[in-house]
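Biologist: I would like to learn how to read pockets and helix packing. Can you take me through an example?

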Amino acid sequence: MKKQEAPDSRIDPEHIPGHIAIIMDGNGRWAERHGKSRSKGHEAGAKNVYEITEACRELGVKTLSLFAFSTENWRRSKKEVDSLFRLMSRYVKRYSDQIQKTDVRLLHMGNLEDLPRETAGDIRECLEQTRNNKAMDVCIALNYGGRQELVDAARRLAGQVKAGNLREEDITEEALEANLYLPQHSEVDLLIRTSGENRISNFMLWQISYAEIIVTPTLWPDFNRSCLNDAIVEYQARNRRFGGRP
Ligand code: IPE
Ligand code: IPE
Ligand code: MG
C-alpha cells in the first residue's frame, strides 16, 4: 500500500463533501493526444479509478459514485464495448484485494444482466466480497442511465400500488427515492465532469438536484489527486443555498 500523502492545507477537513460523483470522461481524447488506441485510453482511465478512490478515502469522503458505462454507450462499436468490459473484468480482479484491505465497499447502479457473463460475475464477486466494509462506499454506475433508474423506480411503485401495499397519495418524493438503485446515497454534494463537456449525459438525474457542479478541462486519465484537491477547494468556496436565503 502506498504511503498516505500529506493533506492539502487549502482544504477544510470539517467540510469535505460527503458524496462526490464523477463523470469520468475523456479517455478517447487522451489516447488520441498520446497517439494511442482508444483501448489504451480506457486502460489509463481504469488505472486512475483506484488512485482517485484512495485519494477520496484518505480525505474522508464517505461516498464516491463513478460513471463507468452508460445505457447509451452501447452505441459504440462492438470492438470498443467488448474491450471495455474485458478491461473492467481485469481491473476489478486486480484491485479487489486492495479494495478489501482498505475497507471500501463496492456497490453497483444499473443493470448487470446485459453485460458479458464473465464481467458481471467478476463484479458480483467483488460486491459480495466487500459487502460488510465500512470506510467508504464506491458506487459504480455500469450500464446505468438516470432516466432508466427513474423508470425502474416508477415501475416498482406501480407494483406496490397494484399489490395494495401503497396508496396513490403515498407516492411522495421520499417514496420514489426509496426505490432508486441505491436509496441510501440519494444526494450528491459535488459532481465533477472531466474533459470539459458541459452536460450531464443521463447521470444520476434525481441525485444531482442540488449538487455543486464542477467541469474541468482535464481529461480523466490526467485527473490526479491535485486536480481532486482543487475541485474540493472550489466546492468549499461555494455558497449552497438550497433555494433559501443565507
Ligand atoms: C469515457 O471516455 C469512458 C466511457 C464513456 C466509457 P470516452 O471514451 O467517452 O472519451 P472521449 O469522450 O471519446 O474522449
Ligand atoms: C458519459 O460519457 C458516460 C461515461 C463517462 C461513462 P460519454 O462520453 O458517453 O458522454 P457523451 O456522449 O459525450 O455525452
Ligand atoms: Mg466521452
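Biologist: Which element gives the most to the lining of the second largest pocket?

Modeller: First, a caution: this is a predicted model. The answer is α2, with three residues in the lining of the second largest pocket. Both α2 and α7 (225–237) supply at least two residues there.

Biologist: How much space lies in the second largest pocket?

Modeller: About 290 Å³. It is lined by 13 residues, and E5, A6, P7, D8 and L59 are the closest to its centre.

Biologist: How do the residues of that lining divide by class?

Modeller: Seven are nonpolar, two are polar and four are charged.

Biologist: Now the largest pocket. What is its volume?

Modeller: The volume of the largest pocket is about 980 Å³. Its lining has 42 residues. Look for M24, F67, A68, F69 and M88, which lie nearest the centre.

Biologist: Which elements each supply at least two residues of the lining of the largest pocket?

Modeller: There are helices and strands to find. The helices are α1 (27–33), α2 (38–59) and α3 (78–101). The strands are β2 (63–70), β3 (104–109) and β4 (136–144). The largest share comes from α2, with eight residues.

Biologist: And how do the residues of this lining divide by class?

Modeller: Into 23 nonpolar, 10 polar and nine charged residues.

Biologist: Let us turn to helices. What describes two packed helices?

Modeller: Two values do: the angle between the axes and the distance between the axes. Take α2 and α3. Their axes are 10 Å apart, and the angle is about 25°.

Biologist: Are α2 and α3 roughly parallel or roughly antiparallel?

Modeller: Angles under 35 degrees count as roughly parallel. With an angle of about 25°, α2 and α3 are therefore roughly parallel to each other.

Biologist: Is the crossing of α2 and α3 left-handed or right-handed?

Modeller: The crossing of α2 and α3 is right-handed.

Biologist: Which residues of α2 meet α3?

Modeller: On the α2 side, they are R38, S39, H42, E43, A46, K47 and Y50. Facing them in α3 are E80, S83, L84, L87, R90, Y91, Y95 and Q98. This contact has six nonpolar, four polar and five charged residues.

Biologist: How do α3 and α4 cross?

Modeller: Helix α4 covers residues 117–129. The axes of α3 and α4 come within 9 Å and cross at roughly 15°. That makes α3 roughly parallel to α4. Their crossing is left-handed.

Biologist: Which residues meet where α3 and α4 are in contact?

Modeller: From α3 come F85, M88, S89, V92, K93, S96, D97, I99 and Q100. They meet E118, T119, D122, I123, C126 and Q129 in α4. By class, the contact has six nonpolar, five polar and four charged residues.

Biologist: One more pair. At what angle do α2 and α7 pack?

Modeller: About 45°, with the axes 10 Å apart. The two helices are therefore oblique to each other. The crossing of α2 and α7 is right-handed.

Biologist: Which residues of α2 meet α7?

Modeller: They are E51, I52, E54, A55, C56, E58 and L59. Their partners in α7 are R225, L228, N229 and I232. The residues of this contact divide into six nonpolar, one polar and four charged. L59 is also one of the residues closest to the centre of the second largest pocket.

Methods
Residues numbered from 1 in each chain as written. Chains lettered and ligands numbered in written order. Predicted model: local features only at pLDDT ≥ 70, side-chain atom pairs only at ≥ 80, totals over all residues. Heavy atoms only, no water. 1 Å grid on protein atoms, 1.4 Å probe; cavity = no way out; pocket = protein on both sides within 12 Å on 5 of 7 lines; lining within 4 Å. Points joined across faces, edges and corners; volume = space filled by probe spheres on them. Helix = DSSP H or I, 4+ residues; strand = E, 2+ residues; numbered from the N terminus. Nonpolar A, V, L, I, M, F, W, Y, C, P; charged D, E, K, R; others polar. Axes fitted to C-alpha atoms, helices over the stretch in contact; angles between N-to-C directions. Parallel < 35°, antiparallel > 145°, perpendicular 65-115°, else oblique. Left-handed = near helix turned anticlockwise from the far one by under 90°. Contact = heavy atoms within 4.5 Å.
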